[in-house]
Amino acid sequence: MGAAVLGARDLTGCEHRLALDNAARVTGTAGSEVESPDARRRIEAATAHRHEVIATITAMLAEQAATVVTIDDALPYRERADRTAAACAAGVDWIFWATLPTDVERGRRGHAEALIRQGDGYVPLIVVNHRVTNPAKAGRDPSEPATLRTSGLARWAPRPDPTRTSRGNKRDTMRLAQLAAMLADLGHPPAPERGAWAGGVIGTDADCILVVPLGATMADYEATFARRRAIAEGSIATAPRRINQCRSCDWWPDCEQELIAADDVSLVIGGNGTSMLADAGITTVSQLADYRGAPPADWSGHTSFRDAVVQANCRRAGVSLVRRLERPRVQRADVEVDVDMESFGERGAYLWGTLLTENTCDEPVLYRPFVTWDPLPTVDEGRAFGRFWQWLTERRRTAHREGKTFAAYCYSQQAENRWLRGSADRFAGIPGVPTRAEVDAFIASPEWVDIYEAVNENFICPNGKGLKKVAPVAGFAWDDPEAGGEASMDWYQAAVGLDGSPLDVSQRARLLRYNEDDVQATKVLREWLSSDEILELPTVDDLLR
């Protein structure tokens, strides 16, 4: 197939996709390079974030004596590489939009948002559109040495940082490792940081450079690179296997048909579980469905082994939901509020939708949105959040004052909790915005109920546990057939004219209807969970008998 040249994208993710992509490039046939609207939106957001961060650092460097070269990223690849090489040879302190020469012999290509001169070498710096750190736990012992190191944005000066923990990202680490290896080959290796190479990464918060140690990573990188290059060149065969990335891969329709034809067990069990099952001689859905022995040694799939067997039986029998318990349980209250938040990438949360149900009287069910139509990011996001929190808190206090029970519900609280906490941090001081402590107390209280967790506790869901997978089983249907997270991003861009998009205010009503449907779906699902209709579903024992 010929010598392959790998970029950072090729070092992680699906090996079969790498093989198919490279084969398609060699033969000139269509590959998986066509971007979906969602992928294109992520790329555009990441590009905008990178430019914003580089502009910020450049402005900070203008106040220093550092030498700076900014490579025009619109230039052809070879010209960018030549200009980067010239800047390195000249010992420039900061080189933005650096492109390293493609190494055809070793099969590597790479680019960095910046190269930072340290001694005779350069530290690679990348800018990514995801979070790279989390705040350290509040109860951390201050005398405990900090293992994580960060640096200021405009000066490479790593120092211990006890206020944060690293989120870890293999793709970022592999990209930095490849850049470090290429710089070393060019005679500009990264200066040692605590005895080993290091790189830097700036995430969405863009308030520091996370120092990424590469010493222990380089051996893993070299082994990964060698295997991946052999796959791309066709000397190591691959086969399809269903993983999370399949949902956004253009090869999936072909792979899915191949897996269905083979009755492949990855159709119900993904990740490392598939390999463990194969080691036990279980490679098909039918084999797993019929299995009644002990779990394979060291089973560590994403679900219990019994659940894996049940999921295989569900697929074979065409069952979409199975009861774990004879009588499913879900928390109910006199006053119930369903909550759904809408955000746009990392820019912020523009809408908090609520649905109020008073079960002790004949009051109508009321949907109420708290929204800003100012393009994100905007301080009006904080004002909308403050109004939402005031309203929710008043409903809660009133219920307590009247001797009624109260519960607020969401579906998969991770996103809501993130923006509850983030909004409290970012908009402190705006009327109605709570303190972080108040938000944390609410999240920890029994009155904040995650229906996703209730579904997980009560059911095995072979088709997935997402709201749009489970609510239809309860009889709910969304008003808009195109409703979904991906579509809502396009609607929002049009609704506010984001980043120069044509303004279409009619999309605002569409977003509100979509949000209302989401809270209605949560309400329908939890009420169905506590009804006798749920007893019509088979139990695990029914399925395995």
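How many helices and strands are there in the protein? The predicted model contains 17 helices and 17 strands, taken as DSSP runs (helices H or I, at least four residues; strands E, at least two) and numbered from the N terminus. Residues are numbered from 1 along each chain as its sequence is written. Local features need pLDDT of at least 70, side-chain atom pairs count only at pLDDT 80 or more, and totals for chains, interfaces and linings use all residues, while side-chain values use heavy atoms, with hydrogens and water left out.

The C-alpha trace spans about 80 × 60 × 55 Å along its principal axes.

Of the 545 residues, 48% are buried (under 20% relative accessible area, 1.4 Å probe, protein chains only). The accessible surface is about 26000 Å², and carbon and sulfur atoms hold 50% of it (Shrake-Rupley method, 1.4 Å probe). Contacts (heavy atoms within 4.5 Å) were also classed by sequence separation. Among those between residues at least 6 apart, 67% join residues at least 24 apart.

Helix 1 (residues 15–27) packs against helix 5 (residues 217–232) at about 45 degrees, with the axes 8 Å apart. Axes are lines fitted to C-alpha atoms over the stretch in contact, and angles run from 0 to 180 degrees between N-to-C directions. Glu15, Leu18, Ala19 and Asn22 of helix 1 meet Arg227, Arg228, Ile231 and Ala232 of helix 5.

Notes
Buried means under 20% relative accessible area, exposed over 50%, partly exposed in between (1.4 Å probe, protein chains only).
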